[in-house]
Amino acid sequence: MTLNSNLFLSRSNSIIVLGLVLVLNAVNVFSIGQLSGNSIRLPFKYVQSFIIVELKLENVIPVNLIFDTGAEHTILFEKKWTDLFPNVYQREIKVIGSDLQQEIPAFVTSPLGLSFGDQYTINTPLIILKEKINDISQVIGEPVHGILSAALFNSFQIEINFKRRFIMLHPNSKKISNSFAVVPIQIYKNKPYLSTRINVSDTSSKVFNLLLDTGASLSLMLYTDTTGKLQLPDRMIPGYLGSGLGGVLNGYVGKINRLQFDTFDMQQVITHFLRIQTSIGRSESQSKSGLIGNHILDKFQIIFDYSKEKVYLKPNKTYSKKVDYDKSGMIVITGGIELKSFYIAHVLPGTPAANAGLKENDQILKINSWPISFYSLSKINNLLQQKSGKKIKLLVRRNTQKLKFEFFLEPLI
């Protein structure tokens, strides 16, 4: 059996896109809040535009999972935790990697308990990668052990409050405040899709069906195969988009003129353009033209109602704030003990970092004369998105040498 796991990490901020097509069902749901008719509050961390929920596997093993409305199933990236339980693996399957070609061995488990403090426990089968392929923690900067499918909670109204960093699971009977805009969505394979209108330029527009994906730390992604006759932006970055399960993804990053849905109108939206080159990928693109990620979703207080096929949106104070994009041309990841070391994972040709002479695998020791211990991965990425003309000075270790580089940030798109 083969299922599709469309997982990759982007060059500006780490992106998770997970679409699994195997039918699995959660069983034996128990919720104190649900039994009493109350809402259940699940706190989360918001790191690198990922929603990270802390929970326990079988009420024993603490794990950090990315809360993902774009994932049909829950997945763990390595099997060292589930190996502790006897007779847990039910069958072996194949996961299609990010290149939509390579098949990656995985297991389906018998139902295991996921506990959220003393509030909520759910038993559900899990997808477990047979061998660890990538360490997503390196591109997020914190330990992350897998993906938590939002579909596990589709019997609730799912409220995501990005500002206050919590998810609320409300009874479906709860009345939603009139301060929220009500927008119809379609639920397909337990994932929410929104009809949008996109203007790439001033003269052309098209309706796109886009996945609302809280597992993606970007604004917008479009499959170029579905854009039809829409002219792509004049100014784009060609080449490397990201890497993940299965290999490297190539495409373009640019800005579209306008994204519209319901009464909301966003302009100059940073957009990733991905070309689908396999029959599996083309089949996937028939159900969606791309996705909307957290750089747009976190501009709202948002409530998903799967049963009524509606999403409720209330703009927050960041609604009008423009999303910044990397101005260096390099991707930095973490490594080492407790993810406290920082390395250059990729350098885009023709960008300030490349022209300065920086290379992949360079270890960053200082930034602007400050020791790297003063920085987190989020702080480094924020620094590389600051205003054009800002000077960046790096001290790096390359093999046994310590080398100094400097460059000036400049807009890439």
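Let's start at T334, which touches S137, Q138, G141, L339, S341, F342 and L377, once residues up to four places away in sequence are set aside; contact here means heavy atoms within 4.5 Å. T334 sits in strand β28, residues 330–335. The strand labels follow DSSP: helices are H or I runs of at least four residues, strands are E runs of at least two, and both are numbered from the N terminus. With a relative accessible area of 1%, T334 is buried, where buried means under 20% relative accessible area, exposed means over 50%, and partly exposed is in between (1.4 Å probe, protein chains only).

Before going further, a word on what you're looking at. This is a predicted model, with local features needing pLDDT of at least 70 and side-chain atom pairs counting only at pLDDT 80 or more, while totals for chains, interfaces and linings use all residues. Residues are numbered from 1 along each chain as its sequence is written, and side-chain values use heavy atoms, with hydrogens and water left out.

Now zoom out to the chain. Its secondary structure comes to six helices and 33 strands. There are 413 residues, and buried ones make up 57% of them. Take the contacts between residues at least 6 apart in sequence: 65% of these join residues at least 24 apart. The accessible surface is about 17,700 Å², with 48% of that belonging to carbon and sulfur atoms; these areas come from the Shrake-Rupley method with a 1.4 Å probe, and for residues only the protein chains shown count as cover.

On one pairing, β15 runs antiparallel to β16 (residues 166–170) over five bridges; two strands count as paired if DSSP finds at least two bridges between them. Within that pairing, E159 has M168 of β16 as its bridge partner. The hairpin of β15 and β16 has four residues between the strands, and R165 takes a positive phi near 65° there.

β15 also pairs with β26 (residues 300–305), again antiparallel and through five bridges. Here Q157 has D305 as its bridge partner. Q301 and L313 are twelve residues apart along the chain, and their C-alpha atoms are separated by 5.9 Å.

β19 (191–199) pairs with β20 (residues 205–212) in the antiparallel sense, over seven bridges. I198 and K206 are bridge partners in this pairing. β20 then pairs with β25 (residues 290–292), this time in the parallel sense and over three bridges, with L211 standing opposite L291.

What about backbone angles? Most residues other than glycine have a negative phi. K189 is not a glycine, yet its phi is positive, about 50°. You'll find K189 in the loop between β18 (186–188) and β19, and since its relative accessibility is 35%, it counts as partly exposed. N361 is another non-glycine residue with a positive phi, near 80°. N361 sits in the loop between α5 (352–356) and β30 (363–367), and at 63% relative accessibility it counts as exposed.

Finally, the largest pocket, which holds about 740 Å³ of space. Of its 22 lining residues, the closest to the centre are Y46, S49, H295, D298 and K321. The elements giving two or more residues to the lining are β5 (45–47) and α6 (377–383), and α6 gives the most, with three. By class, the lining has four nonpolar, ten polar and eight charged residues; Ala, Val, Leu, Ile, Met, Phe, Trp, Tyr, Cys and Pro count as nonpolar, Asp, Glu, Lys and Arg as charged, and the others, Gly among them, as polar. A pocket is an open set of points on a 1 Å grid over the protein atoms alone, where a 1.4 Å probe fits and protein lies on both sides within 12 Å along at least five of seven lines; lining residues have an atom within 4 Å of a point. Points are joined across faces, edges and corners, and the volume is the space filled by probe spheres set on them.
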